[in-house]
Amino acid sequence: AARGELRAEAGLDGGTWVALCPEGIPQDAHSKDRVHPYLVIDSQVQLPLSSQDGVEIEHGVRLDEVLRRVYAGEMLGPAAMASMMAMDKLHQLNL
C-alpha cells in the first residue's frame with residue numbers, strides 16, 4: 001500500500017525502503033490507528049505531477065532546507081516528524 005501511495009502522491013517508484021518506526025506511531029491518544037513512516041532511498045521520479053489539494057510536490061530538496069522548513073514551522077507535524085526521523089536514519093547509515 002505504501003509503495004502505491006508514494007507513486008500516486010509523489011510520482012516516485014522503486015528504491016530501498018527503510019521502516020523508520022516498524023511498530024508504527026499512534027496517530028493520536030484516542031485512535032488505534034498507527035502511522036508507519038518510511039525512508040525511501042534512490043527512488044526514481046516517474047511522472048511530473050500537478051499540485052493536489054494545495055500540496056506542492058518537490059523533488060531533490062536539500063537536507064539543510066528540509067531542516068530549515070521544520071524549524072520555521074513550514075511543515076505539518078507528521079511531515080516534520082517523518083523528516084526528522086529520516087534525517088536521523090540517513091546519519092546512522094552514513095548517507
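**Reading a helix pair**

Mentor: In this model, which is predicted, helix α2 passes α3 in a left-handed crossing. The two pack at an angle of about 145°, and their axes lie 10 Å apart.

Trainee: Which residues of α2 and α3 make the contact?

Mentor: From α2 come Leu63, Val66, Leu67, Val70 and Tyr71, while α3 brings Ala80, Ser83, Met84, Met87 and Leu90. Sorted by class, the contact of α2 with α3 has 9 nonpolar residues and 1 polar residue, with no charged ones.

Trainee: How should I read the spacing of residues along a helix?

Mentor: An α-helix has 3.6 residues a turn, so residues three or four places apart point the same way. Here α3, which runs over residues 77-92, has 16 residues and reaches 23 Å from its first C-alpha to its last, close to the 22 Å expected. Within α3, the buried residues are Ala80, Ser83, Ala86, Met87 and Leu90. They cover an arc of only 130° around the axis, which puts them on the same side of α3.

Trainee: What covers the buried residues of α3?

Mentor: The cover includes β5 (38-41) and α2 (63-71). Just after α3, as you follow the chain, Asn94 takes a positive phi of about 55°.

Trainee: Is Arg69 buried or exposed?

Mentor: Arg69, which is found in helix α2, has a relative accessible area of 19% and is therefore buried, since the cut-off is under 20%. Leaving aside neighbours within four places in sequence, Arg69 is in contact with Glu58, Val61, Glu74 and Met75.

Methods. Residues numbered from 1 in each chain as written. Predicted model: local features only at pLDDT ≥ 70, side-chain atom pairs only at ≥ 80, totals over all residues. Heavy atoms only, no water. Helix = DSSP H or I, 4+ residues; strand = E, 2+ residues; numbered from the N terminus. Expected span 1.5 Å × (residues − 1). Buried < 20%, exposed > 50% of the residue type's maximum accessible area, 1.4 Å probe, protein only. Arc of directions from axis to C-beta. Contact = heavy atoms within 4.5 Å. Axes fitted to C-alpha atoms, helices over the stretch in contact; angles between N-to-C directions. Left-handed = near helix turned anticlockwise from the far one by under 90°. Nonpolar A, V, L, I, M, F, W, Y, C, P; charged D, E, K, R; others polar.
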